[in-house]
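Biologist: I am new to this structure and would like to go through it step by step. Could you show it to me before I ask about its parts?

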Amino acid sequence: MRNNIIHHLEDLVYLESKLLDEQRYEEWLGLLDDSFTSWIPLTHNQVDPLYEPSLLYEDRFITQLRIKRLNNSRSFSQQPRSRSQHLLQRPEIIIEENNSAANSLCQLIYTESRGEQEWSYAARLEHSFLLIGSNWKIVSKKTVLLSLGKPLDSLQLII
Amino acid sequence: MYLEQKGCVLNLKYENKIMTKPVLFNGGEVHRSVYLDEEIFSEEQEKIFSKSWLYLCHASQIPNSGDYFTTEIASQPLVAIRQSSGEVKVLYNRCPHKGVKVLSEKSGNCGRFLRCPYHAWTFRTSGELLSIPVKKEYESCTFANCEANAGMKLVACVQNYRDFIFIRLSESGLPFDIFFGNSLSTLDNMVERSPYGKLRIVGKALRHRHRCNWKMVMDNQTDTCHPMVAHESSAGEAIKLWSETQEGQAKPPMVVELFSPFMSSHAFFADMGIRIWPNGHGHTGVSNSIHSDYSEISGYWESMIETYGEARTKQILGDTRHNTVYFPNLMVKGPIQSLRVIRPISASETVVESWIFELEGAPKEMLERTVQYNNLINSPCSMVAHDDVEMYERAMEGLKSQASLWVNIARLYQPGESWEETKETVGTSEIAMRNFYSMWQSMMEEENA
């Protein structure tokens, strides 16, 4: 049972990356719980996303807006469009006692390219999942970039 | 001057090639080399950045004796240190011995003295040389006459204005009060928005790299004709998504409240008004602004009245200035408690550093809104900033074109514009940009002593 859950959640993390890289955002939204939040902290040990600045801290509504904006015909910074590639290490899944909540930790190299430019980011990717009915949903995602000491160029797609 | 005498300007342009001091701002147009030329960039560092008052940090970042904050301004590694007397001194972060940077962390506490990690020379927090291991080995030489004997050099001029620490690297230049004049009223207003009259910097700065000239970012701060165009994809979509998915709910999500004013019409921005002050400073949003209609946060009004009384509170909170630009490279948003330092790296590279403040004594929700605004607008992940940066970077590309040598900043130009007085006009005017370049030009034309 627990092994099945582990395999399922590993696959879910891989599937998420694939959908993001293929910009199949509507399908990706289907993996997210209504209470979804995404967070890219500004410092390595940041604990508070609400009262301190972050590179990104958004709920499902803002994430939806981000997707709408990427697809808007007047999204000028997406002319030409960006592409991305997630390279993941096998996620480490930790399931809670009751088998209805879980967390994952995964090492990531994320690359984004646009026109003649390319940017790479090493990061630690943390997910938390909830079993909603018979489906596992992503309730939160936290991406801690390795290089937080340098100014960053625009990071446009969903890491 | 320039519109009536276009022919004359054309002559000037022609003469640019042979004149040693070309006219780079002609009243309504800026020569493209101002944005592209590395030689002009170096000259700016020397003539503008060493002689202007520049924002360095906020006193709340270094509250205790020995606390320090390091930064680099105009290519100079600097450190601001709180003295035991409470005063803030600013030193060049360089050991007088071999030139090693003495402090390498962004911030921290150095205790009662600084110690160079290379040969253990030590210095008081005021920079004065305290000790050298086996100092007697210097006795027979003329060490007393060496520059190194003076310790770590102090920055010539430091001004702590209501906890905002400004410096001027050069010993000569306009005094602080004259340089900023009444433009300091924007900082006053931000401070007074705290029921305790006190601000505190929160967290680290968001730092966003742009591949463009720093002045393009400055121009954009008072450009009120771009939001509804360049930000349609984010602000327009926010309004649409809200109406499609959540209609009927009493209060829109904060992101909608923060984004939707960007879609305001030209007429709205025109009515907002714009004000300029001498020496290149100015602000948009005189009578009204895109920050005016944020929803009330429970308890804030009451806490303000307790300190200031009703009439004064109305005055403070009724002043909802949009963007205040301080020449040469600072932008302050009082009603949202944020500050951007536009850091020039080279002619074609800029880092925008965004800091936020907590209003001491105000409800925590005020800070939550400030944090969210900063994340959504100023982060390298910001869907709003992405389109601004795209415009700057396309301008860097487009300006390579031989089609024209000039960038136009003539919207609502008025014949005989002068810059000695405070002035208010229509909010869609590009007068604040012209005011900026007039100051820029006069500083660039000054011969070095």
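Biologist: In what order do the three strands of the open sheet in chain B stand?

Modeller: This is a predicted model, and in it the pairing within this sheet of chain B is antiparallel. β7 (113-115) and β9 (129-131) of chain B are at the edges with a single partner strand each, so one side of each has no neighbour in the sheet. Neighbouring strands are turned by 35° against each other on average, direction ignored. Read across the open sheet, the order is β7-β8-β9.

Biologist: Which residue in β8(B) is the bridge partner of Phe113(B)?

Modeller: β7(B) pairs with strand β8 (residues 122-124) of chain B in the antiparallel sense, over three bridges. Within β8(B), the residue that bridges to Phe113(B) is Arg124(B).

Biologist: How do the axes of α11(B) and α12(B) lie to each other, and which word describes that angle?

Modeller: The axes of helix α11 (residues 300-308) and helix α12 (residues 310-318) of chain B come within 7 Å and cross at roughly 120°. Since an angle counts as roughly perpendicular from 65 to 115 degrees and as roughly antiparallel over 145, α11(B) is therefore, relative to α12(B), oblique.

Biologist: How far apart are the C-alpha centres of domain 1 and domain 2 of chain B?

Modeller: Chain B is divided into domain 1 (55-161) and domain 2 (181-445). Their contact takes five residues from domain 1 and seven residues from domain 2, and the side of domain 1 that touches domain 2 has two nonpolar, three polar and no charged residues. The C-alpha centres of these two domains of chain B are separated by 35 Å.

Notes: Residues numbered from 1 in each chain as written. Chains lettered and ligands numbered in written order. Predicted model: local features only at pLDDT ≥ 70, side-chain atom pairs only at ≥ 80, totals over all residues. Axes fitted to C-alpha atoms, helices over the stretch in contact; angles between N-to-C directions. Helix = DSSP H or I, 4+ residues; strand = E, 2+ residues; numbered from the N terminus. Parallel < 35°, antiparallel > 145°, perpendicular 65-115°, else oblique. Domains from an automatic or database assignment. Contact = placed C-beta atoms within 7 Å. Nonpolar A, V, L, I, M, F, W, Y, C, P; charged D, E, K, R; others polar. Pairing = 2+ DSSP bridges.
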